Amino acid sequence: MLKDLPGEQWKTVLFNFNFANDYKLLVSNYGRLKTYNKINKGQLLKGSTIKGYKIVRLKFYKARDAKTEERFENMHQQITLLVKKNSSLKKQLNLKKITADEVVEVKKKLENNNLLLQRLKLNLRRDMEKDLQARVIHYHSLVHRLVAEYFCPRPSPEHSIVAHLDFAKQNNRSDNLAWMTPEENILHQQKSPNVITSRANRKEGNSYNPNSKVNKLTITKVMLLKKLLSQGKPIKTLVKQFKITDTQILRIKRGENWGYVEAAK
């Protein structure tokens, strides 16, 4: 049984669809998830990660319709009946008074029944697999949004984005989350340490991946590049020559990157 952390609260997640699974999902104000089903009684659900955010992916199943249920029941009954017939035929083979001709006839019936039984079981298994796939419901939710929906007041429908106040994507405690409008979120992201560092690197011309084997620019190369730009060289030509992207060249041309480097004389 999963133990609660000090001050931890749990709420049951309500789904906007009907399903036949014996399943319950709970979310806590600490960003944890636990599940209940026939086997698990409050087991921690770890989920997975997408772009740094924790995400939960679940599979549910719609209830089977009455017509399909009746068809499967009929197939089960046919299989049960054939099994009983075969059992009876096998008993006949053990009788002492059975003639040779009767043995041949009984064995032939058994063979035919077994072929039919095999075909029925195969069809039932195939049809049940197809039915299962047709009834599947794929559910996924970002954990921080799930926590916010149950523990963070939403000021208005316009507040559609859930932001991490400390910019740590894995910190999904409710006191670290806030609903924001798109405009508020843009302003909030400008304070992110990653954005600030990236902005500073661009000013210094260090916005490129240090592990990359291409787009390694030196001051000498930038001086030459700026000279060629001033001479009106096509950007496509410069992309091939310096093995960098057109976006990088445009940033250098606008002075966003390597702004302190003068063009070669």
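A: In this predicted model, Arg-64 forms a salt bridge with Asp-131, and the closest N and O atoms of the two side chains lie 2.9 Å apart. This pair links distant parts of the chain. Arg-64 sits in the loop between strand S6 (53-61) and helix H1, while Asp-131 belongs to helix H2, and 67 residues separate the two.

Arg-64 has a relative accessible area of 25% and is partly exposed. Asp-131 has a relative accessibility of 10%, and because buried means under 20%, Asp-131 counts as buried.

Arg-64 has a further partner. Glu-69 also forms a salt bridge with Arg-64, with 3.3 Å between the closest N and O atoms. Glu-69 is partly exposed, at a relative accessible area of 39%.

Another salt bridge to consider is that of Arg-126 with Asp-127, where the closest N and O atoms are 3.3 Å apart. Arg-126 is partly exposed, with a relative accessible area of 44%, whereas Asp-127 counts as buried at 14% relative accessibility. As for shared partners, salt bridges join Arg-64, Glu-69, Asp-131 and Arg-135 into one network. The count of salt bridges in the model comes to nine.

The helices named above can now be considered as a pair. Two packed helices are described by the angle between their axes and by the distance between those axes. Helix H1 covers residues 66-93 and helix H2 covers residues 100-135. Their axes come within 9 Å of each other and cross at roughly 155°. Since angles over 145 degrees count as roughly antiparallel, H1 and H2 are therefore roughly antiparallel to each other. The crossing in which H1 passes H2 is left-handed. The residues of the contact between H1 and H2 divide into 15 nonpolar, eight polar and eight charged.

Key: Residues numbered from 1 in each chain as written. Predicted model: local features only at pLDDT ≥ 70, side-chain atom pairs only at ≥ 80, totals over all residues. Heavy atoms only, no water. Axes fitted to C-alpha atoms, helices over the stretch in contact; angles between N-to-C directions. Helix = DSSP H or I, 4+ residues; strand = E, 2+ residues; numbered from the N terminus. Parallel < 35°, antiparallel > 145°, perpendicular 65-115°, else oblique. Left-handed = near helix turned anticlockwise from the far one by under 90°. Nonpolar A, V, L, I, M, F, W, Y, C, P; charged D, E, K, R; others polar. Salt bridge = Lys/Arg side-chain N within 4 Å of Asp/Glu carboxyl O. Buried < 20%, exposed > 50% of the residue type's maximum accessible area, 1.4 Å probe, protein only.
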